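Open the model in your viewer and switch to a cartoon view. We will go strand by strand.

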Amino acid sequence: MINFWTHKRTNAVIGVEARAVYNNGQAEGLTFWAPNINVFRDPRWGRGQETPGEDPTMTGKYAAVFVRGVQGYAIAGPVNSTDLEASACCKHFTAYDLENWKGVTRYVFDAQVTAQDLEDTYNPPFKSCVEDGHASGIMCSYNRVNGVPTCADYNLLSKTARQSWGFYGYITSDCDAVSIIHDAQGYAKTAEDAVADVLKAGMDVNCGNYVQQHGASALQQGKITEQDIDRALHNLFAVRMRLGLFNGDPRRNRFGNIGADQVCTPEHQNLALEAAQDGIVLLKNDAGALPLSKSSVASLGVIGFNANDAKRLLGNYFGPPCVTATPLQALQGYVKDTRFAAGCNAAACNVTAIPEAVQVASSVDSVVLFMGLDQDQEREEVDRLDLTLPGQQQSLIESVANAAKKPVILVLLCGGPVDVSFAKTNPKIGAILWAGYPGEAGGLAIAQVLFGEHNPGGRLPVTWYPQDFTKVPMTDMRMRADPATGYPGRTYRFYKGPTVFDFGYGLSYSKYSHSFVASGTKPPKMSDIAGLKAMTTAAMYDVEAMGTEACERLKFPALVRVENHGPMDGKHPVLLFLRWPNATDGSGRPARQLIGFRSLHLRAAQTAHVEFEVSPCKHFSRASEDGRKVIDQGSHFVMVGEDEFEMSFMA
């Protein structure tokens, strides 16, 4: 789960360093095709590692904060629409989360998406990116949605993004997406038709050369006009002007004095460490297996292919790190007698050296295994077929655990979830950490968690499914379960099936408690909201019909008391959920929905209060089958930890 204070500072640093590299003549442009804000709908998706997770609320918040940081805005409030430190581009719009699954590629995939799912799952992050983040760029995706290529969809690009959300910026295709509209999908009969389809839909720039090759003939054939070209040029040059590229001496511009000395500063490197720490999730810790003690661990065994390769910390789409230490190198700084065995060649683990790993494990006080996935298993153009650890990894882990003197520690480096049920239930595996791909400072961050110098507070941003989930086709885009056919649904909001670990799960070295403070939690009286009764039909309220004024009057504070019972100081995320009492009544309501989250740093035995603003129009509403946002009459339960309160929504 993302710490948004760290996230905001991290993205502000991206904007600063981007401008510094540009000012120093080492970059040709200032437009960044990030963030990837597609909902991590399927655990096998190879690019899920690029995203913040499976929850649309969290993903939307991530998008807005990312964009504001990179573009040089404050974390909230009004924006300066004329000056950009750098340009962020939210991608891939929309319903894009398949690379290559059993021969179905993203280039030809036609995502069949209901209006309901589009409204409450696939589009909300992009809406937040535009309305709250004020992104200056959007990228349309390769796939079709309900038969129409997204880059050729006027309703999506012009009506929804520009007219409904107020998008102000440029729209780019994904690379060669225009060519595949004709060449691979056959949607356009001719190359000129493909060019006309995308320009008239509202796309402004083609990543690739298809428009360059066929634009002139499309104009000559009357399929596009000069006005179509002028509109695209207006949007493109407006962003360049906002970046200050035509303002004379660049050193006199607002961002012109950001120099090379602001790249890889100590403050930025410390922030990379903090971000890595925040992302580590403790999944298992039986009998206090962690933290390790430097004074009692005289010898340490480090096992695994992911332990001594700095590049494997970075995931995909990374820039050159300032400095990098592998987990092995970091741990050698804690225990002088540290012994290493790779155990197998890579994540594929089809070439093993298990006897060597077993020998190391049997000869040391404590053992840490670094397993998981790598970019051969998950990346752009590569989806997984299985959720278990590849090759002989399980055999290696169990052999090492059986040989070790005490329960071993398993550290997983991977972007997508894995089914490690065997490790979860094995008493010889004392603890499990998930570190994702933690970046340049990830090795040190992991070591600090293992030895108790940092108290882990991370939470899972995705559901960890069992291997049996692979029976569900990746091509099925439905979010909601269908009991009649056995379809289990997707993500914590709609999935009805067993899990390995739940969304939002994560342990700590401290124990925390949460409770609502009655005096500070004040839901409104429904009778005070004039006209509500007239807006109800079929036991529900239409949010659009309610209007802005009524929705503002319905907002109320929810005050939460949080206590760290010790024994360590720690950073702790507070998650606020909404649940409905009848999520299985056929209404399409999710079982529960994240509506707010904050991270607090609490000393051992410290108590603090955090206030959430609850907006029933936003947080209590759901998407009906036709895509309208409605609020059901009756009970709504707001939850934090084990505590909850009921609000009856009835005029």
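In β6, which residue is the bridge partner of F93? Select F93, then look across to β6: the partner is C140. Keep in mind that this is a predicted model.

**Stop 1: strand β6**

Select residues 137–140, which make up strand β6. Show the side chains. G137 and M139 point one way. I138 and C140 point the other way. In a regular strand, side chains alternate between the two faces of the sheet. Are these four residues of β6 buried or exposed? All are buried.

**Stop 2: the neighbours of β6**

The F93–C140 pair links a residue to its partner in β6.

Next, select residues 170–173, strand β9. β9 also pairs with β6 in the parallel sense, over four bridges. Pick M139: its bridge partner in β9 is T172.

Strands of a sheet pair through backbone hydrogen bonds, either parallel or antiparallel. The next stop shows the antiparallel kind.

**Stop 3: an open sheet**

Move to the open sheet of three strands, in the order β16-β19-β22. Its pairing is antiparallel. Which strands are the edge strands? Select 512–516 for β16 and 607–614 for β22. Each pairs on one side only. Look along the sheet: the twist averages 25° from one strand to the next.

Finish with residues 556–564, strand β19. Eight bridges join β19 to β22, and the two run antiparallel.

Methods:
Residues are numbered from 1 along each chain as its sequence is written. This is a predicted model: local features need pLDDT of at least 70, side-chain atom pairs count only at pLDDT 80 or more; totals for chains, interfaces and linings use all residues. Side-chain values use heavy atoms; hydrogens and water are left out. Two strands pair if DSSP finds at least two bridges between them. Axes are lines fitted to C-alpha atoms, for helices over the stretch in contact, and angles run from 0 to 180 degrees between N-to-C directions. Buried means under 20% relative accessible area, exposed over 50%, partly exposed in between (1.4 Å probe, protein chains only).
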